[in-house]
Amino acid sequence: MSLLPPWNEPEPLRCLFVRNMVLDANIGVFAHEQGVTQRIRVNVAFGVVDGTTLDVGPDDLDRTVSYERVVLLVRELVAQGHVALVETLAERIAAGVLADRRVRITRVSVEKLDIFDDAESVGVEIERRSRAG
């Protein structure tokens, strides 16, 4: 569930998403988090310019952004090694998603699982916009 309000953009956007990726990550600032992995959950939503008509567009991957590209990006960033803050990982993911010029906006959440017995997760959700858009 996103805590941020819906996108308020002047042009219609198609919202694509990758939900609930669970990965083992080297992440954390505390001594007990060094040299071990812990489970994280990553969600990424991204807005790509959509048509303004009700016509069905061509059935062609070139008119959108591949989900696989985003999944591979997240996996690669997590595999690069230790990150102290979930905020830093979220920012790196957002920057990677926005590297595709077709993406106007992205919302990324990174959650650490298994941290507190009485909480499902703790983490951060950020939103970033393309400078070009």
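Below is a run of questions and answers about this predicted model.

Q: What should I know about the model before we start?
A: It's a predicted model, where local features need pLDDT of at least 70 and side-chain atom pairs count only at pLDDT 80 or more, while totals for chains, interfaces and linings use all residues. Residues are numbered from 1 along each chain as its sequence is written, and side-chain values use heavy atoms, with hydrogens and water left out.

Q: Why is Asp-100 called buried?
A: Buried means under 20% relative accessible area, exposed means over 50%, and partly exposed is in between (1.4 Å probe, protein chains only). Asp-100 has a relative accessible area of 10%, so it counts as buried. You'll find Asp-100 in the loop between helix 2 and strand 3. (Helices are DSSP runs of H or I with at least four residues, strands are runs of E with at least two, and both are numbered from the N terminus.)

Q: Which residues is Asp-100 in contact with, leaving aside its neighbours within four places in sequence?
A: Contact means heavy atoms within 4.5 Å, and Asp-100 has that with Val-65 and Arg-69.

Q: What makes Asp-114 exposed or buried?
A: Asp-114 has a relative accessible area of 54%, so it is exposed. Asp-114 sits in the loop between strand 3 and strand 4. Its phi is near 65 degrees, a positive value in a residue other than glycine.

Q: What covers the buried residues of helix 2?
A: The cover includes strand 2, helix 1, strand 3 and strand 4. Among the buried residues of helix 2 are Leu-89, Ile-93 and Val-97.

Q: What makes a group of residues a nonpolar core?
A: It's a set of buried Ala, Val, Leu, Ile, Met, Phe, Trp, Tyr and Cys residues joined through side-chain atoms within 4.5 Å. The largest one here has 31 residues, and Ile-40, Val-44, Phe-46, Leu-89, Ile-93 and Val-110 touch the most other members. Helix 2 gives the most to this core, with seven residues.

Q: What makes a space a cavity?
A: On a 1 Å grid over the protein atoms alone, a cavity is a set of points where a 1.4 Å probe fits but cannot get out, and lining residues have an atom within 4 Å of a point. The count comes to one cavity of 30 Å³ or more. About 30 Å³ of space lies in the largest cavity, where a volume is the space filled by probe spheres set on the points, joined across faces, edges and corners. Its lining includes Ala-25, Ile-27, Val-78 and Leu-89.

Technical notes
On a 1 Å grid over the protein atoms alone, a cavity is a set of points where a 1.4 Å probe fits but cannot get out, and a pocket is an open set with protein on both sides within 12 Å along at least five of seven lines; lining residues have an atom within 4 Å of a point.
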